Every structure is written in C-alpha cells, then in structure tokens.
Amino acid sequence: MVKKHFRMVDIIAKKRDGGELSTEEIKYFIDGCVAKIIPDYQISALLMAIYFRGMTDPELAEFTLAMAHSGEMVDLSGIEGIKVDKHSTGGVGDKFTMGIAPIVAACGVKMAKMSGRGLGHTGGTVDKLESIPGYCTTLERDAFFKQVNEIGVSVIGQSGNLAPADKILYAIRDVSGSVPSIPLIASSIMSKKLAAGADCILLDVKCGSGAFMKNEADATTLAEKMVNIGEHNGRRTMAFVTNMDVPIGNKIGNSLEVQEIVEVLKGHGPAALTRGCVELSATLLVMAGKGTIDECTAMVNQCISDGSALQKFIDMVKAQGGDTTALEDNSKFPVAPICYELKSPADGYISSMDAEAIGNASTLLGAGRETMDSVIDPLAGIVLCKKTGDMVEKGDVLAKLHTSSEELVEPAAERYMDALTFSQYKPPAIKLVYAVVDKNGVRKL
Ligand code: URA
C-alpha cells in the first residue's frame with residue numbers, strides 16, 4: 001500500500017474549518033509531536049483549532065488512544081488482584097489521593113498510583129508527598145510493583161515515558177490558552193489513565209471557580225466523555241462531578257495538606273473533606289467488587305477508626321524513604337518561619353470565594369510554581385479560618401498566610417482579600433457532589 005503523506009498545515013486548516021480528523025491524521029500529529037518534527041507553533045495552532053471546533057466522539061477516542069500509545073503502556077499484571085486508580089481534574093486544597101490510596105489499601109484493594117505535579121493554580125500530589133523529608137517519588141518499576149504487592153499501595157510520579165505526547169501538548173496548552181477544552185482535558189487525563197494500566201478508574205471532575213470547568217454542564221459533559229473512553233477500553237470507569245467553588249478542607253500548600261490528611265486518617269479531619277474521602281474510597285471498593293456501597297462505607301469508616309488507614313499511609317511513606325515522625329505526632333510538623341494573620345475588614349457573611357484566586361495566592365506565597373523551574377517552598381500555603389457561609393466580625397482572622405519570605409506576604413494577602421465576597425445575608429448551603437456518571441449515564445444528585 002502507498003504510504004499517505006500529510007502536511008501539518010492541511011490538518012490545521014481541516015480542523016479550523018470544523019472537519020473531523022482521520023485516524024491517520026491524528027497518528028501523524030501525535031507521532032510527529034513526540035518525534036519533535038512538528039514545530040510548537042503548528043502544535044499550538046491545531047490545539048487552538050480543537051479548542052474552538054471540538055472533536056467528535058470517534059475522533060476523541062482515536063486522539064486519546066494515540067496519546068496513550070505514544071509511550072509505555074504499563075502492564076500491572078505483575079501485581080496480584082484488582083488494581084484501582086483515581087484522578088482529579090485539578091482543584092485547590094485537593095488532597096484526596098493521599099487519603100484514598102491508604103484507605104483502599106487498608107481495605108484490601110491495591111493502588112499503584114502515578115500522580116502529577118501542580119498545574120497552574122491547582123496543586124499536585126507528587127509535590128505534596130515530596131514535602132515529607134526523604135519521600136521518594138521516582139521508584140524503579142520492580143520496586144514499585146514489589147511495594148504494591150507487599151503493602152498494597154504506592155504513590156509515585158509519572159514516569160517520563162507515560163503518555164509523552166501529553167507532556168508536550170500540556171506544556172504548550174498551558175502557555176497558549178487552550179487548557180479549558182473538554183476534548184483536550186479528556187484526552188490528556190484518559191491517555192495517562194489508560195497507559196497507567198489500572199482495572200478500575202474513578203474520576204473526580206471538579207466544577208466551579210477553582211476548577212478548569214467553571215459550570216456544571218461542562219463538567220458533566222467532560223465526565224461523560226472520560227467515562228466513555230475508559231469503558232470502551234475495557235476499564236470500569238466512574239466519575240463524580242464535585243464542587244470546586246470553595247477550597248477543599250482548611251489547608252492549602254504542600255506540607256499543610258499532608259498535615260490535614262493525617263488528621264482525616266486519624267478520624268478528626270474537617271467534616272466535608274472526610275466525607276469526600278469516605279465516599280470516593282467506598283466507591284472504589286464497590287468498583288473493585290468488595291461489596292455494596294453500604295458495606296464498603298462501613299469498611300472505610302472502620303479502617304479510619306481502628307487506625308489501619310493511618311498505619312497504611314505510614315507504611316507507604318516509610319517504604320518510600322520518608323520521615324514518618326510528624327505523621328505519628330502532628331506537633332512535629334515543621335512550620336514556615338512567617339505566619340501572617342489576615343483579618344476581616346468588616347462584619348458579615350462570606351458569601352463566596354474565588355478558589356482559583358486563592359490557589360494563586362498560595363502559589364504567590366511559594367507553594368506552587370511561577371515558572372517551569374521554580375523551586376517549591378514545602379512549608380508555604382494558607383490555613384483558612386473562615387469559609388463561604390461563615391459569619392465574621394471585623395478583626396476576626398480570615399486566614400493565616402504561611403511563607404518563608406516577608407515580601408511575598410503583601411501580594412498574596414491582596415490576592416486573597418480580592419477573592420472574598422462579603423454580604424449581610426447567609427448564602428445558601430453548598431452542594432458538594434452534583435452528579436455521578438457511569439456507563440449507564442448521568443445520575444444527578
Ligand atoms: N489534568 C490533566 O492531566 N490534564 C488536563 O488537561 C487537565 C487536568
């Protein structure tokens with residue numbers, strides 16, 4: 001058969017005009033990105049055309065598969081039993097993975113998890129775990145499998161060869177305005193999930209001011225697309241569409257979030273964060289065939305109250321070389337040298353918070369990256385003392401800004417205050433979960 005030749009400019013023009021790319025055109029593009037024969041400006045142009053024109057379902061399926069196959073397809077068969085995975089589309093204060101991974105392992109379901117670093121205003125599990133002195137996020141494949149077989153859980157960073165096309169596309173999207181696109185997010189996440197090899201995938205699709213999807217309809221469509229991709233590739237896939245209008249828990253920042261998840265695993269974390277950990281963990285157990293939702297919820301609550309989930313977290317950190325002193329005794333968590341109390345200028349209710357701006361305030365304090373080579377300050381971040389719905393009086397502490405550098409306080413304080421809206425009236429209660437999506441469709445809650 002004669003090999004077909006493509007020109008990138010024709011592919012860009014086809015998508016610009018609303019056409020559907022063929023499997024061969026998609027493969028040419030993805031392979032060409034990885035082989036570095038397509039220049040960044042043409043990659044960027046196609047991504048922007050996709051942002052505006054979208055993709056059909058078959059096109060999205062081919063695009064995702066081409067990205068997944070651009071690198072190693074991890075074979076987890078060396079780990080016994082059902083392997084589960086979980087992924088969040090990105091939020092502020094989102095520390096669920098660090099709670100869920102040890103909880104499901106303590107209930108007998110294995111999690112061999114490859115996580116990401118922070119992106120934009122959102123945090124990343126790898127950065128959070130690396131705030132634990134000594135914790136190694138780069139295990140060799142054999143050591144990774146051995147640890148999951150022995151203790152049931154390991155959380156490491158994504159290997160350089162896991163969906164390398166996504167790394168290239170993401171870096172370009174990040175700086176060229178095409179991040180919040182449903183097909184581009186769905187293919188980015190699902191290519192990595194398919195390549196990472198788990199049998200069951202639970203997606204936490206965030207929706208609201210701190211998420212890439214700002215409204216419920218878009219977040220639900222994204223969830224449906226990702227569930228379809230997973231199911232069509234033989235993985236049991238479910239998604240929760242969850243609220244991201246308010247930061248999750250009361251602590252944002254790497255070491256602060258480890259501290260807060262340890263509180264959850266000890267049974268005295270913030271109520272909404274604990275409830276989220278319990279519901280997502282119990283759902284993963286159901287997907288892995290451990291029982292009904294009521295039975296699995298009881299198992300999860302039991303492993304928190306008897307200390308086995310916390311012990312699993314400690315075992316994982318120890319196995320990956322981390323110092324567990326502070327995990328065993330919260331008073332040993334190091335604190336940033338500067339802790340600035342931000343006080344309320346007036347009386348009233350906090351009627352809303354711009355969670356993205358709060359994530360950015362935390363980045364300004366040193367908890368995230370300003371540029372690709374910024375070094376993270378593990379102790380930087382924000383402790384939220386008042387959240388949406390709380391009544392405050394003038395002079396009450398709204399938040400504590402943690403940082404290592406005095407000059408970072410003012411810009412972060414300004415950003416934080418701009419993120420809050422005050423009102424005389426109590427706002428309506430916040431709904432935490434909007435919908436659950438599985439292969440049978442969307443169930444609104
Ligand atoms: N997380 C990802 O991995 N990719 C996206 O595009 C957005 C969030």
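The second largest pocket has a volume of about 670 Å³, and of the 30 residues that line this pocket, the closest to its centre are Val246, Ala272, Lys387, Ile430 and Leu432. The model is a predicted one, and the points below should be read with that in mind.

**The second largest pocket**

- Three elements, namely β4 (200-207), β5 (236-243) and α12 (271-287), each contribute at least two residues to the lining of the second largest pocket, and the largest share, 7 residues, comes from α12.
- Sorted by class, the lining of the second largest pocket consists of 16 nonpolar, 7 polar and 7 charged residues.
- Domain 2 (76-327 + 434-444) and domain 3 (335-423) each provide at least three residues of the lining of the second largest pocket.

**The largest cavity**

- The structure holds 2 cavities of 30 Å³ or more, and the largest cavity contains about 40 Å³ of space.
- The residues around the largest cavity are Ser255, Leu256, Gln259, Pro334, Val335, Ala336, Leu379 and His402, and helix α11 (residues 254-265) gives the most to this lining, with 3 residues.
- In terms of class, the lining of the largest cavity has 5 nonpolar and 3 polar residues, and no charged residues.
- At least three residues of the lining of the largest cavity are drawn from each of domain 2 (76-327 + 434-444) and domain 3 (335-423).

**The second largest cavity**

- The volume of the second largest cavity is about 30 Å³, and its lining is made up of Thr89, Gly90, Ile185, Lys206, Ala211, Phe212, Met213 and Leu222.
- By class, the residues that line the second largest cavity divide into 5 nonpolar, 2 polar and 1 charged.

**The packing of α2 and α4**

- Helix α2 (residues 23-34) packs with helix α4 (residues 57-68) at an angle of about 35 degrees, and the axes of these helices are 9 Å apart.
- The crossing in which α2 passes α4 is right-handed.
- On the α2 side, Thr23, Ile26, Phe29 and Ile30 take part in the contact, where they meet Glu59, Glu62, Phe63, Ala66 and Met67 of α4; by class, this contact of α2 with α4 has 6 nonpolar, 1 polar and 2 charged residues.

Definitions and conventions: Residues numbered from 1 in each chain as written. Predicted model: local features only at pLDDT ≥ 70, side-chain atom pairs only at ≥ 80, totals over all residues. Heavy atoms only, no water. 1 Å grid on protein atoms, 1.4 Å probe; cavity = no way out; pocket = protein on both sides within 12 Å on 5 of 7 lines; lining within 4 Å. Points joined across faces, edges and corners; volume = space filled by probe spheres on them. Helix = DSSP H or I, 4+ residues; strand = E, 2+ residues; numbered from the N terminus. Nonpolar A, V, L, I, M, F, W, Y, C, P; charged D, E, K, R; others polar. Domains from an automatic or database assignment. Axes fitted to C-alpha atoms, helices over the stretch in contact; angles between N-to-C directions. Left-handed = near helix turned anticlockwise from the far one by under 90°. Contact = heavy atoms within 4.5 Å.
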